[in-house]
Amino acid sequence: MSGDGELMWHYQYYGITGNGRKIDSFRYYTVRELFKTLNRRSDQWTSWEKLYKLLQYNPIAPARIYF
């Protein structure tokens, strides 16, 4: 994924001690926006289960603390 690099940059920049909850929240927001975008573009993406199947084969980088 081309966007994975930007997501990793975000994690590295904001992934400091004490900011873990916000990083996890940002990842959840990213997945939620992906779901909304796929639903807008196609009638086939109507469930979270289908999105989670897609994410098993094309995972989004996990959030982590770097410093």
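Set aside the neighbours within four places in sequence, and Ala-63 is in contact with Tyr-11, Ile-23, Asp-24 and Arg-27, where contact means heavy atoms within 4.5 Å. This is a predicted model, so to speak for its limits: local features need pLDDT of at least 70, side-chain atom pairs count only at pLDDT 80 or more, and totals for chains, interfaces and linings use all residues. Residues are numbered from 1 along each chain as its sequence is written, and side-chain values use heavy atoms, with hydrogens and water left out.Ala-63 sits in the segment after α3 (48-57). Helices here are DSSP runs of H or I with at least four residues, strands are runs of E with at least two, and both are numbered from the N terminus. With a relative accessible area of 21%, Ala-63 is partly exposed. On that scale, buried means under 20% relative accessible area, exposed means over 50%, and partly exposed is in between (1.4 Å probe, protein chains only). Ala-63 and Tyr-28 are 35 residues apart in sequence, yet their C-alpha atoms are 9.7 Å apart in space.

Now for the chain as a whole. You'll find three helices and zero strands, which read as α-α-α along the sequence. The C-alpha trace spans about 40 × 20 × 20 Å along its principal axes. Of the 67 residues, 21% count as buried. Take the contacts with a separation of 6 or more: 56% of them come from residues 24 or more positions apart. The accessible surface comes to about 5,400 Å², and carbon and sulfur atoms hold 55% of that. These areas come from the Shrake-Rupley method with a 1.4 Å probe, and for residues only the protein chains shown count as cover.

On to helix α1 (residues 3-14), which is where His-10 is found. His-10 counts as buried because its relative accessibility is 18%. Beyond residues up to four places away in sequence, His-10 touches Gly-15, Ile-23 and Phe-26.

Trp-9 is in helix α1 too, but Trp-9 is exposed, at a relative accessible area of 52%. Together with Tyr-13 and Tyr-14, Trp-9 makes a nonpolar surface patch of about 380 Å². Patches are made of residues with over 30% relative accessible area and no salt bridge; like charges are joined within 9 Å, and nonpolar side chains (Val, Leu, Ile, Met, Phe, Trp, Tyr) within 5 Å.

What about charges? There are 10 positive and 6 negative side chains, with the centres of the two sets 4 Å apart. Lys and Arg count as positive and Asp and Glu as negative, while His and the chain ends are not counted. Each charge is placed at NZ of Lys, CZ of Arg, CG of Asp or CD of Glu.

| Salt bridge | N to O distance |
|---|---|
| Glu-33 and Arg-32 | 3.9 Å |
| Glu-33 and Lys-36 | 3.3 Å |

Glu-33 and Lys-36 both lie in helix α2 (residues 20-41), three residues apart, which is about one turn of the helix. As for accessibility, Glu-33 counts as partly exposed at 23%. Arg-32 is partly exposed at 31%, and Lys-36 is partly exposed at 38%.

How values were computed
A salt bridge is a side-chain nitrogen of Lys or Arg within 4 Å of a carboxyl oxygen of Asp or Glu.
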